Amino acid sequence: MTSAGLRAVLSLFLTCVASLLYAAPQVVSVHLLPPEFYVGDTVELRIILRSDEADTIRPPAVLPAVDWVFFHGARVEQRGGNHELRIFFSSFSPGTRTLPELDFGSYVLSGMKIHTSSILENEGELEDIRGQLYLPGTFTLLIITVLVVLIGPLALIAVSGILRERLRSAAVLLARKRPYWRLRRDLKELSSQALMMPDRDFYYRLSDSVRSYISRRTGWDCITTTIHEIRSMMQSLFPKGDIAMRLIHFLEYADMIKFAGVEAGSARKGDDILRLGELASAVEEECRLRDRDKQEDADVDI
């Protein structure tokens with residue numbers, strides 16, 4: 001072949017190559033959305049192509065099926081004079097892998113490497129299996145429960161005697177105070193009715209309330225006894241002070257109102273109610289001192 005023939009063949013070859021290069025799509029840009037993704041995430045791969053032959057670029061008829069990546073779909077959209085390839089996939093293999101080839105007609109996607117991150121890469125090696133977790137305070141509650149079960153009966157036995165004694169003392173105190181509270185209630189009622197009640201009726205009720213109080217407080221029967229008997233009784237119970245004499249003077253005066261027809265008047269009624277209230281308070285204080293002395297004597301004997 002002559003030199004002219006060689007030049008002709010070379011020129012034809014270059015023309016064909018230039019034509020082919022001019023027709024091949026050119027990749028303008030490649031993006032992954034999101035740029036960093038993990039195993040199982042759905043990822044979109046966007047590739048912008050520049051090509052003069054619009055009809056030759058079309059979505060793949062069949063998507064490849066491999067075990068480490070799943071293709072959800074692929075489509076081609078026009079963006080001005082360019083083609084945008086949008087490929088949706090999920091990778092299930094951590095690390096850097098190469099996507100299988102995708103045939104878009106005149107453009108074949110091949111050699112595209114992707115990197116799939118994994119949460120385990122950031123956490124290092126897997127930790128050993130942990131033991132059973134408990135709610136906060138579980139061990140404290142368990143210890144308290146054991147102590148209650150073991151020590152509770154012993155503590156209950158130890159305090160039962162003290163508790164029983166306290167209850168007995170409270171019951172005795174309540175029984176001793178009840179007559180005084182009842183007398184105070186009667187005096188309050190009579191005080192509100194003093195002006196409307198006849199003297200005889202008023203002193204009947206007032207002397208009965210006093211006799212009932214003394215009987216309940218001392219244990220001696222002052223309801224059916226005479227003034228003389230009450231005098232002896234009260235002088236033996238309260239040898240010191242004027243409690244006995246104040247009480248006797250009131251009962252004698254009340255008998256004069258009831259049986260001798262003596263008139264008292266509203267002012268005297270009010271004064272007697274006040275005096276009897278003070279007399280009852282003095283009796284309670286005297287009884288309290290006696291109880292205290294008895295308790296101190298009992299403690300000394302023990």
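1. The expected span of a helix is 1.5 Å times one less than its number of residues. In this predicted model, helix 4 covers residues 199–218, which is 20 residues. From its first C-alpha to its last, helix 4 reaches 28 Å, close to the expected 28 Å.

2. Which residues of helix 4 are buried? They are Asp199, Phe202, Tyr203, Leu206, Ser207, Ser209, Val210, Arg211, Tyr213, Ile214, Ser215 and Arg217. When reading such a list, recall that an α-helix has 3.6 residues a turn, so residues three or four places apart point the same way.

3. What follows helix 4? The next residue is Gly219, and its phi is positive, near 85°.

4. Four strands make up an open, antiparallel sheet, and their order is 1-2-4-3. Strand 1 (26–33) and strand 3 (69–79) are at the edges; each has a single partner strand, so one side of each has no neighbour in the sheet. On average, neighbouring strands of this sheet are turned by 15° against each other, with direction ignored.

5. The pairing of strand 1 with strand 2 (residues 42–50) is antiparallel and uses seven bridges. Two pairs of residues show how the strands line up. Val30 is opposite Ile47 of strand 2, and Gln26 has Arg50 of strand 2 as its bridge partner.

6. Strand 2 also pairs with strand 4 (residues 82–91), again in the antiparallel sense, through nine bridges. Here Leu49 is placed opposite His83 of strand 4.

7. Is Ser51 buried or exposed? The cut-off for buried is under 20% relative accessible area. Ser51 has a relative accessibility of 8%, so Ser51 counts as buried. This residue belongs to the loop between strand 2 and strand 3. Its C-alpha is separated by 9.5 Å from that of Tyr107, although the two residues are 56 apart along the chain.

8. The cut-off for exposed is over 50%; Leu150 has a relative accessible area of 57%, so Leu150 is exposed.

9. Leu150 also belongs to a nonpolar patch on the surface.

How values were computed:
Residues numbered from 1 in each chain as written. Predicted model: local features only at pLDDT ≥ 70, side-chain atom pairs only at ≥ 80, totals over all residues. Heavy atoms only, no water. Pairing = 2+ DSSP bridges. Axes fitted to C-alpha atoms, helices over the stretch in contact; angles between N-to-C directions. Buried < 20%, exposed > 50% of the residue type's maximum accessible area, 1.4 Å probe, protein only. Patch = residues over 30% accessible without salt bridge, like charges linked within 9 Å, V, L, I, M, F, W, Y side chains within 5 Å. Areas by Shrake-Rupley, 256 points an atom, 1.4 Å probe, with all protein chains shown as cover. Salt bridge = Lys/Arg side-chain N within 4 Å of Asp/Glu carboxyl O.
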